[in-house]
Amino acid sequence: MAVNFSAALSPSKSSFVGGRLSPPSFPSLPSHSPSGANPHLVVCRRLFGLEEAFKLQRERQLQSVTKVRRKPPLRRGRVSPRLPVPDHIPRPPYVATRDLPEIASEYQVHDAEGIERMRAASELAARVLNYAGTLVRPSVTTDEIDKAVHQMIIDAGAYPSPLGYGGFPKSVCTSVNECMCHGIPDSRQLQDGDIINIDVTVYLNGYHGDTSKTFICGTVPNEIERLVKVTEECMERGIAVCKDGASFRKIGKRISEHAERYGYHVVERFVGHGVGTIFHSQPIINHHRNEEPGIMVENQTFTIEPILTLGRIESVTWPDNWTTLTADGGPAAQFEHTILITRRGAEILTKC
Ligand SMILES: [Co+2]
């Protein structure tokens, strides 16, 4: 499950969302005289020609997004009542409150026993995610996926981490088509041509394991299938630069390079996070290019979970305070693993 960067770090500055975006910028031009010999005029003409080209390119991109979408916009379905968790299953501390927990400042670096517990929680999360993926087909509701995921997690003696996190009402996030993350399972039936990210986090023996994947429902247009594939590759490339002593900003650099090769965009608003005994902690993992400081250390665990969009990265959040969609209605894909930093690389813990 991704952290909302602005809510996590600057709750009083929600206008910060998207604030770092800048359109292609042009030097400010001096006013020119009507004389054709003025060299500024030539510069102006060239620059305005360039600006025009950018505008046309943007319009074409938006048109292709609209064409690919071909589906009515996502709407809220009915959300069923909250599912019970047996009393013997230990709850994470945030379940007692409706408030969104703050991002804990400590890194999560483990001893041998902690690593074993991280492995167990992460492997369970991966198994649940695989199972959830087998349920994806036209006519299945996201509520049915939630119920199945919930049952498998409590049968394993674990707690579904999203349930009650900051008031989140369900056990898993299901984000369909233009929903970039934190979709709430409801009565909407999946349709042929949908994509759906299922984001599973479990709390087992005091440790969280967090993983997500975007699944394809039926047949989707080639452009969307490619977006999904490239998003997974971006996550893998981000993981490939991780090891003890590497800087966190390499992750964003590598992911952006790969996304840009295909003309895709990397969402900045949602970030990866430290994970372990605490669901969301430092370090914040930016998936876009950045100059943030910070070095990975051995035995540390965190998530890498890039979201890529076909169109623009600006987002809108529904009044439920969770469901977040691309503002332009274009599709978004996301993949996530929990990883363990080792001396020579990173081990993916959320695999089975
Ligand atoms: Co996460």
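**View A. The bridge partner of Cys-179 in a predicted model.** In strand E13, Cys-179 finds its bridge partner in Leu-325. Strands here are DSSP runs of E with at least two residues, helices are runs of H or I with at least four, and both are numbered from the N terminus. Two strands count as paired if DSSP finds at least two bridges between them. This is a predicted model, in which local features need pLDDT of at least 70, side-chain atom pairs count only at pLDDT 80 or more, and totals for chains, interfaces and linings use all residues. Residue numbers start from 1 along each chain as its sequence is written.

**View C. Helix H3 packed with helix H4.** H3 (residues 112-134) and H4 (residues 142-155) pack at an angle of about 150°, and their axes are 10 Å apart. Axes are lines fitted to C-alpha atoms, for helices over the stretch in contact, with angles running from 0 to 180 degrees between N-to-C directions. The two helices are therefore roughly antiparallel to each other, a label for angles over 145 degrees.

**View D. Residues where H3 meets H4.** From H3, Val-128, Tyr-131 and Ala-132 meet Ile-145, Ala-148, Val-149, Met-152 and Ile-153 of H4. Contact here means C-beta atoms, placed from the backbone, within 7 Å.

Note on methods: Parallel < 35°, antiparallel > 145°, perpendicular 65-115°, else oblique. Contact = placed C-beta atoms within 7 Å.
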